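We will go from stop to stop.

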Amino acid sequence: MADKYNVEEAEALAKRALHLPITQATPIYEQLLSLYPTSARFWKQYVETQMAVNNDDATKQIFSRCLLTCLQVPLWQCYIRFIRKVYDKKGAEGQEETTKAFEFTLNYIGTDIASGPIWTEYITFLKSLPALNPHEDMQRKIALRKVYQRAILTPTHHVEQLWKEYENFENSVNRQLAKGLVNEYQPKFNSARAVYRERKKYIEDIDWNMLAVPPTGSSKEEVQWVAWKKFLTFEKGNPQRIDAALSTKRIIYVYEQCLMCLYHYPDVWYDYAEWHIKSGSTDAAIKVFQRALKAIPDSEMLKYAYAELEEARGAIQSAKNLYESILGVSTNSLAQIQFLRFLRRAEGVESARKYFLEARKSPSCTYHVYIAFATMAFCLDKDPKVGLWSNVSELYADFLTRLNDDRNIRALFERALSTLPTEESAEVWNRFVQFEQTYGDLASILKVEQRRKEALFGKGEEGSPALESSLQDVVSRYSYMDLWPCTSNELDHLSRQELLVKNMNKKVEKTNQPPGSATIGSVASSSKVVYPDTAQMVVHDPAKKSGIEFSSSAKPVAASASNTFQSNVTATATHGSASTFDEIPKTTPPALLAFLANLPHVDGPTPNVDVVLSICLQSDLPTGQTAKQNFVAKGNVPSQNDPSGPNRGGSQRLPRDRRATKRKGSDRQEDDDTASIQSQPLPTDVFRLRQMRKARGISTSSQTPTGSASYGSAYSGELSGSTG
């Protein structure tokens with residue numbers, strides 16, 4: 001295939017293989033599964049092709065390769081069909097093997113939300129078993145009761161159906177015993193049903209047939225990544241309140257399902273391993289890292305994280321082998337620097353010095369290695385003669401000169417952090433982390449990094465994304481100057497994922513804010529807001545806009561608005577508060593303040609124009625008299641020659657008579673146009689009503705009665721009115 005991970009071509013190959021003989025189809029399936037080893041759909045198609053020709057040995061071999069890594073119900077249903085096909089005709093021995101196959105299947109995927117059909121099939125199979133005597137009949141009923149009681153506690157699509165069947169089963173066995181058992185399991189069933197309804201919301205956004213490809217940054221991939229993150233967070237919260245062992249098993253199952261789709265995502269592998277470490281299962285974390293390096297063999301980030309785990313648990317030789325494997329593939333300066341630091345931590349400065357003498361002979365050794373070793377050796381040896389490289393920058397020279405006592409350096413950091421406020425301590429924390437990465441051991445590095453997170457982001461709740469260890473931390477820990485342990489594409493991908501995690505609950509937080517909470521006063525109280533220079537403001541004149549014509553009766557209103565706004569800007573700019581934002585609310589007209597307070601929160605820089613116009617039309621703004629008193633108090637008295645003055649009665653009567661005018665206008669509109677709009681409900685939004693009439697060819701001027709002006713037309717650039 002031209003493109004190794006060409007999804008469209010892979011789909012086409014799979015379809016073509018369906019119509020080929022088994023001998024020709026087998027190489028195609030093997031080729032596809034070598035690229036997509038976690039595609040349950042391709043495995044199922046492959047195994048069904050073998051079952052169709054009764055090739056049982058090949059079928060068993062295929063199942064042994066895919067079942068434990070592809071935890072998807074359709075594939076396991078295919079496995080049950082194969083087992084029943086082979087053993088149904090073998091009597092008691094076959095029944096026992098089929099029972100083992102059902103138990104094996106339910107042990108792995110019995111908690112899946114789609115596993116209901118398998119539970120139902122297992123129950124049907126048990127009911128079909130022959131009972132030759134009362135003892136065997138009683139044993140069969142006991143087995144059925146156990147399976148039913150497990151099934152009704154599993155949140156699946158069929159949980160309610162299984163509960164009804166269980167009630168009927170118990171009543172058919174013993175009504176008196178049934179009442180006690182039903183009462184005992186009713187609360188547990190209710191809990192399972194509630195969890196099912198919640199879980200269903202999370203899995204609806206997941207594409208279960210998505211082929212696992214390396215991240216490309218497409219929107220579809222990001223949607224799937226976020227959906228899996230939310231699903232994992234939900235399961236980690238143990239919503240069903242089951243015991244720790246069952247909850248751990250459930251979380252492992254979801255991680256394995258996630259890796260079927262996000263097989264090439266290093267952050268998912270790292271999160272999986274970190275979760276095992278926090279759960280106290282280091283051996284399981286090691287196995288996850290080994291599988292991760294098999295899936296993404298070129299990921300230096302995962303190799304550093306794995307080496308870190310081995311070093312933390314005391315397996316120094318295993319960690320050293322991992323560092324040497326990185327050097328064997330990529331002899332870049334960063335790999336050499338990180339190996340120097342590891343040798344210093346694990347074997348001492350002399351071992352690091354020996355490696356440095358060898359590394360500097362390499363053609364790939366850059367000045368970064370010299371700086372890193374000089375910084376390390378100077379502080380640890382307390383020997384100023386070691387720092388003799390002339391190309392060390394001024395910043396490093398200052399650092400080497402002043403901070404050469406590790407105990408006093410740590411004490412200095414601690415004193416500085418105890419006195420600085422949290423919002424100003426970020427740089428100190430960063431320097432502290434850099435210091436520990438250079439001179440401290442692994443435990444001190446991780447401890448300071450965790451303290452930094454808690455100080456800057458707050459301790460928060462357990463499991464908070466801000467406090468959890470992530471692959472971004474590994475990248476930061478193993479970078480040096482301008483050297484990074486990953487490619488630029490991987491770095492961009494991680495940055496994008498970090499942004500997605502931060503914005504995951506952004507909309508929920510916004511909806512919890514009361515409307516109108518972000519007022520001008522609250523903005524003014526922030527000292528970090530950068531304000532525009534109001535002295536440079538220019539008043540916008542709508543009359544100059546091309547393509548818009550204003551009637552003569554509309555000019556006084558526009559002129560009045562312009563004069564009012566100009567006087568306010570001038571007042572703000574001429575007072576001593578030209579650089580103080582607090583003066584703006586004092587000089588802003590009450591009508592504008594009331595309008596701003598009623599504006600809703602919007603996402604992005606461009607709100608919905610219809611919504612804003614609707615608020616303009618429906619808001620109860622202050623009257624013109626109140627506004628006039630406000631302007632007089634500030635010295636903004638209109639002159640006799642001002643076209644917006646009292647001699648233009650139409651514009652002055654507009655605010656006072658606004659409500660009555662709107663009522664009259666609405667009555668007249670209903671009388672004139674009842675026949676044309678009686679088939680549709682009357683909109684409450686005046687702007688939409690005007691747009692509807694305009695679209696039907698009804699003149700907007702007929703909507704405005706004599707002696708009034710229409711606010712809806714004014715905001716749309718068609719202000720009309722008369723002073724008659």
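This is a predicted model: local features need pLDDT of at least 70, side-chain atom pairs count only at pLDDT 80 or more; totals for chains, interfaces and linings use all residues.

Residues are numbered from 1 along each chain as its sequence is written, and side-chain values use heavy atoms, with hydrogens and water left out.

**Threonine 154.** Select threonine 154, in the loop between α8 (134-151) and α9 (159-173). Helices here are DSSP runs of H or I, at least four residues, numbered from the N terminus. Threonine 154 is buried, at 8% relative accessible area (buried is under 20%, exposed over 50%, partly exposed in between, with a 1.4 Å probe and protein chains only). Now show the backbone oxygen of arginine 150: a polar atom of the threonine 154 side chain lies 2.9 Å away.

**Tyrosine 29 and tyrosine 46.** The whole structure holds 34 aromatic pairs (ring centres of Phe, Tyr and Trp, its six-membered ring, within 6.5 Å; planes under 30 degrees apart are stacked, over 60 edge-to-face, the rest tilted). Select tyrosine 29 and tyrosine 46: their ring centres are 5.0 Å apart and their planes at 25 degrees, so the pair is stacked. It links helix α2 (residues 22-35) to helix α3 (residues 40-52).

**Tryptophan 76 and tyrosine 79.** Move to this edge-to-face pair, 6.0 Å centre to centre with 75 degrees between the planes. Both residues lie in helix α5, three residues apart.

**Leucine 68.** Finish in the loop between α4 (56-66) and α5 (73-87), where leucine 68 sits. Leucine 68 is partly exposed, at 46%.

Technical notes. Helices (H or I, at least four residues) and strands (E, at least two) are DSSP runs, numbered from the N terminus. A polar contact is a pair of N or O atoms within 3.5 Å; within protein, one must be able to donate a hydrogen and the other to accept it, and residues adjacent in sequence count only if both atoms are side-chain atoms.
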